[in-house]
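The sequence and the model are shown first, and selected features are then taken up in turn.

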Amino acid sequence: MSEHGDQVPGYRMIRMEALQEAPAAALADVEAWQARKAYPNVLGGGGAVFGVAEELETGGWRIVSFFSTPYPQGARDSMSMTFRGLARAAEDAGDTATQQEWLRGAERLDWEAVDELTVLGRRFRVIRADQFIRMGPTGPEPPRPSDPDPAKVGHGYEFQGPTKGFVIDPYTPTGMSEGILRMELLSLVHAPGTSPAAMRKDSRRALKTHPGGVLLPAEFTAAEFSDGHWSPTQMTKSSPQGSRDSLTNYLRVMAPVMEQLDEETKAEYGRLADRIDAERCDEIVIDGCRTRIVRVERLVRVGPDGPEGPRPSDPDPELPTGVQEQQLREEGVFDEDRVLSDEEIEQQRVAEEQAKEFLRLFEEQRRKREAAEGS
C-alpha cells in the first residue's frame, strides 16, 4: 500500500501484504491489531536511541551495532569498535593496507563527532530511532504472547534479539497492523508544551526530510507507576526475560547496596525477585508501586538518502573518547603523583566497599541460580 501507487518514491512506501503463509507473522499481526483496541494511545517512550547502520549495495541499510544508547556519541563509539573489528579481521588475513584504512577511520572517530564515514567504499551512519509505548486504561502495553522470549530465567542476556543485522528498507512488505502503526507514527510530532521548541522544530522538519520509516523489532523495559504516571526504570532489553532479569538483579544486588536497605526490606525484595523468577510475571508491586515489563516500539525515519541521523536538538553531552582522555590528563586525573584530598579518599573507600558488596551479592545469586538449575 502507498499513497499514489508506483509513483511514490520507495522510501515513502508502506507495502502491506497478507501473511497467511507465515503463521507466526500472521499471529503477530492479529495481536498487533488487538493491541490497538486494548492500548489505543501511542505515546513517546523515553526519547530517541541511536545505533550504526551500513548501506547495502542491494538496497537498504543493515544495522551493525546494538541499538540502545541514548546519545549519538555512544553510537559513534560503536562505529569505532566496528572499524577496529574489521581492522583485526584484515590483520588476520595479512592485509595490512586494509587494516590501516579501518584503523584510520576508528582513530578519526576517537577525536571527532562524525555521524557518517565511508571507508574502502563502505558507507556507515549513526542513525536514530524514536521510541513509543502503547497506553490503555490499565497502563502501558506488556509483552505480547508472540514476542520472542526464549531465554531461561537468569539467562536473558543470551538472547541478543533480531535488531543487530536487521535491514532498514521501507520497501520490505509488512502486515496490515504494522503498516497502519507506521503511518500513525510517521505523522507524529512533538506537541506544544511537551518538549523544548528546538525539538518540536526538528520533529516537524523530519516530516519533510524523512517522510518514510521502518519499525525495528520491539524491545522491552520495566516501568514504574508513581505520582500518577508511568516512567521507565531501565534501558530497553531484547526480550521480556532480559527485562525481568534486570529487575531481579536490581532487587537482589543493586537496591540493597545503593539504597542501603535494612534486613527486612532486603528480604522482601528477595521474595519479590523469587516470585518474578518462578512465575516469569510481567507485573509486580514494589514498595506500593506497580512495576510492569513494557513493550517498546521503535521507529527509524527514512528519507531519499537513507535513515535519519541525529538531530541538532538531540542531547549529545558526551565527548569522543580521545578528547575525554586528553581533558582528564590536562586536569591531572591520570597523574600518579597527585595527592588526593580527604574527600576523594573517602569517595574511593566508599566506592571500593560498594564494589565488594556488589560482587558478593552477585556471586551469591549466581551460585543460587546454578544450584536451582542443577537440581
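## A salt bridge within a helix

Does glutamate 325 count as buried, partly exposed or exposed? The model is a predicted one, and in it glutamate 325 counts as partly exposed, at 38% relative accessibility. The side chain of glutamate 325 meets that of arginine 329 in a salt bridge, with 3.0 Å from N to O.

Both residues belong to helix H8, which covers residues 321-330. Because they are four residues apart in this helix, about one helical turn separates them. Arginine 329 is exposed, its relative accessible area being 51%.

The structure holds 40 salt bridges in total. One of them is formed by arginine 122 and glutamate 54, whose closest N and O atoms are 2.7 Å apart. This pair links distant parts of the chain, since arginine 122 is in strand E5 and glutamate 54 in strand E2, 68 residues apart. Arginine 122 counts as partly exposed at 31% relative accessibility, whereas glutamate 54 counts as buried at 6%.

Aspartate 149 and arginine 244 form another salt bridge, and here the closest N and O atoms are 3.0 Å apart. Aspartate 149 lies in the loop between strand E6 (139-140) and strand E7 (167-168), while arginine 244 lies in helix H6, so the pair ties together parts that are 95 residues apart in sequence. Aspartate 149 is partly exposed, at 22% relative accessibility; arginine 244 is buried, with a relative accessible area of 5%. A network of salt bridges also links Glu55, Glu116, Arg123, Arg125 and Asp305.

## The nonpolar cores

The largest nonpolar core has 16 residues, and those touching the most other members are Val52, Met79, Phe83, Trp102, Leu109, Leu117 and Phe124. At least two residues of this core come from each of strand E2 (49-55), helix H2 (72-92), helix H3 (96-111), strand E4 (116-119) and strand E5 (122-136). Helix H2 gives the most to this core, namely four residues.

When neighbours within four places in sequence are left aside, methionine 79 is in contact with Val52, Leu109, Asp115, Leu117, Phe124, Arg125 and Val126.

E10 and E11 run antiparallel and are joined by four bridges. In one of the pairings, valine 285 has arginine 290 in E11 as its bridge partner. The two strands form a hairpin with two residues between them, and aspartate 287 in the turn has a positive phi of about 55°.

Strand E11 spans residues 289-303 and contains arginine 301.

## Residues in the loops

Threonine 233 is in the loop between strand E9 (229-232) and helix H6 (240-258), and is partly exposed, with a relative accessible area of 48%. Threonine 221 is twelve residues from threonine 233 in sequence, and their C-alpha atoms are 7.3 Å apart in space. Apart from neighbours within four places in sequence, threonine 233 is in contact with Thr221, Ala222, Ala223 and Glu224.

Aspartate 227 is not a glycine, but has a positive phi of about 55°. This residue is placed in the loop between strand E8 (212-226) and E9, and counts as exposed at 73% relative accessibility. Glutamine 260, again a residue other than glycine, has a positive phi near 50°. Glutamine 260 is found in the loop between H6 and helix H7 (263-279) and is exposed, with a relative accessible area of 62%.

Notes. Residues numbered from 1 in each chain as written. Predicted model: local features only at pLDDT ≥ 70, side-chain atom pairs only at ≥ 80, totals over all residues. Heavy atoms only, no water. Pairing = 2+ DSSP bridges. Core = buried A, V, L, I, M, F, W, Y, C linked by side-chain atoms within 4.5 Å. Buried < 20%, exposed > 50% of the residue type's maximum accessible area, 1.4 Å probe, protein only. Contact = heavy atoms within 4.5 Å. Salt bridge = Lys/Arg side-chain N within 4 Å of Asp/Glu carboxyl O.
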